[in-house]
Amino acid sequence: MTFTAVFLTAILMPATEPSAAQAATHLSLGMNSCTASACHGGSVAAAGKQREWNSSYTVWATKDPHADAYAVLFGDRSQRIVARLVFPEKVDPQKNPKEYRSFLEKRCATCHATIGEGRPSSDGFAEDGVSCASCHGVAGEWLGDKHAGRKSGQMKVTQQLAPRAKVCVVCHVGSPAHNGEPAREVNHDLIAAGHPRLNFEFSAYLNSLPAHWDVEKDRNRVRQPEGVKKAQANFAAETWLTGQFVAADAAFELLAARAKADGGTDKEHAWPEFSEISCYSCHHELRSQSYRQKLFHRETPANRRSPIGSLVWGTWYSPMPRQALLLQSAGAANDEDSWHQLELAMSAIHPDSKKVLSLTTALRPKLTPPANPLQTVERLVKNLSALRGDWDEVAQWYLATTAWHQALREEHMESQKNGDPVKSGEREAALRESQSTLEKIRGQLESPLEFDPTGEAFQDAVKLLLQQLAKLEG
Ligand code: HEC
Ligand code: HEC
Ligand code: HEC
Ligand code: HEC
């Protein structure tokens, strides 16, 4: 399946740099309000430490994948996607540029450009792609006084992790129409037409964006939030845990809206929406000794099992928050029961939309992350056997493990400052060894088709990794 390749490159490789010519087009379009060299358009080389605010535009235009988000809609892949969604002759960008653009505005530009921020894309801003205003809010009202902008709420809050993740999930998970914002969805129609599946995980995505901000200042903000001394604060763990809960909430909000519409009256909505269901429920090899039979329908504990032959829901956004809440307290049993009811409801060929709506609505307020991120991520990493474990769930576990590894490295750096050099050397070696085992596991996740979570190769690598990580603790 091609989307895996896209997913893995998306989160594991550095963002590619657009050509100079592409960067130049962006420079010539719109955004004049943010880009003067005295404001955010200073050169990267000139901007030393503490001066990231001055070069943020330059970093974005030359390195950030968002700068190309609109241009991508005119490329071959997009033309093929659009042609599969509508009659090809209607949307040929050369023969019918107006129709092509108007289709893009309706179905694509909501995420690939800065629109729906109180202005239409046709005012010439769309070409900027996902620009400053998409993440920071429209500058018009507060330009020249960003402090007033922050106070009035027109400037979005990105300093703290939860509101920052909320900015991303609108496009990276999807969102229903509300407060004058358009709906943003990559549904199964788009995926079947060739759009990559959205597999968002906040910490991996944030890490792979070229930062146009002061990274050190950002980390310190989390380590020691204003006024509170937080002995346990750890940027990697906190980013991962926050992202898990914000993304799950966004996925639930979207599911609730889909259930409420129950298919609706237009052709663009379907109930059930296939992209909610594990892709491997429908797309897989047909053989009678598959790990899915064991893990989802037979050998899994009764309270997490669904009937054999039924669809499997909730494999990407749910597993980690669900386990985190369960590990946190015994009192979570009621919520766990609702979660399982939702899973069962969604496993039906035609799910009861009223039931799904009421269960998602009841569960959303429970989606608050446990107070100790570092301990939570550690327990989840060690508890792989609690997951049912198809490719999605294991990929999420892998991302959690990567975050934990980074968290341990962060702790190591801190302790190095005044620690014993021999112990420090041992930890450094253990970090390297476990990194290499992590890379082996990533290799096994390359193709969901060949991935077998019950296979010896995978089980052995996990065992080794956990032993190596245990050496790092204490
Ligand atoms: C819900 C928001 C959303 C909508 C609507 C949307 N996209 Fe996307 N699109 C994304 C995101 C997010 C990515 C990046 C995916 C990733 O790598 O995680 C993406 C990636 C892509 C890519 C791959 C880009 C690359 O660099 O390889 C193409 C092509 C694309 N979209 C085209 C389209 C087209 C055409 C439409 C309309 C028919 C559309 N998109 C609608 C959010 C959206
Ligand atoms: C994909 C979302 C996104 C886009 C697009 C984006 N930013 Fe940012 N920006 C962030 C995040 C996240 C931070 C870090 C948190 C913070 O400082 O608020 C940030 C920080 C900043 C900072 C503070 C830098 C510092 O260290 O003090 C400035 C200034 C800034 N952005 C300007 C811009 C400008 C100008 C553009 C358009 C050229 C832009 N941003 C586009 C997400 C984005
Ligand atoms: C307005 C919608 C929108 C918002 C808000 C947004 N993104 Fe994106 N993002 C996109 C689209 C569309 C793409 C695909 C662009 C392309 O391939 O040209 C993308 C691509 C990316 C990529 C590259 C993925 C790849 O396949 O290489 C990363 C990383 C990313 N976004 C992270 C973030 C983070 C982190 C935030 C929040 C701070 C954020 N984005 C906010 C729409 C958005
Ligand atoms: C409930 C069953 C179901 C689920 C779940 C499902 N699909 Fe599909 N998918 C289909 C059907 C049916 C088709 C149309 C097959 C055809 O026309 O040959 C299809 C077509 C596709 C296609 C076009 C290629 C082709 O063979 O037609 C892609 C790509 C695709 N799906 C990807 C996905 C991804 C990725 C997911 C998970 C996000 C997913 N599907 C979830 C049933 C499903």
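**View 1. Helix α4 gives the most to the shell around ligand 2, with five residues.** In this predicted model, 22 residues surround ligand 2. The closest of them are C132, C135, T158, W213 and D214. Helices α4 (52-63), α8 (132-136) and α13 (215-223) each supply at least two residues of this shell. By residue type, the shell around ligand 2 comprises eight nonpolar, nine polar and five charged residues.

**View 2. The largest nonpolar core of the model contains 81 residues.** Within this core, the residues with the most contacts are A237, A247, A251, V377, A400 and A403. Helix α14 (residues 235-261) gives the most to the core, contributing 16 residues. Domain 1 (2-70 + 113-156) and domain 2 (235-387) each provide at least three residues of the core. In soluble globular proteins, nonpolar side chains tend to be buried together.

**View 3. A403 is among the residues with the most contacts inside the largest nonpolar core.** When neighbours within four places in sequence are left aside, A403 is in contact with S203, A236, A237, W240 and V377. Two of these partners, A237 and V377, are also listed among the residues with the most contacts inside the core.

View 4. The mean pLDDT of the protein is 81, and 80% of its residues reach 70 or more.

How values were computed:
Residues numbered from 1 in each chain as written. Chains lettered and ligands numbered in written order. Near = placed C-beta within 6 Å. Helix = DSSP H or I, 4+ residues; strand = E, 2+ residues; numbered from the N terminus. Nonpolar A, V, L, I, M, F, W, Y, C, P; charged D, E, K, R; others polar. Core = buried A, V, L, I, M, F, W, Y, C linked by C-beta atoms within 7 Å. Buried ≥ 20, exposed ≤ 12 C-beta atoms within 10 Å, placed from the backbone. Domains from an automatic or database assignment. Contact = placed C-beta atoms within 7 Å. pLDDT = per-residue confidence, 0-100.
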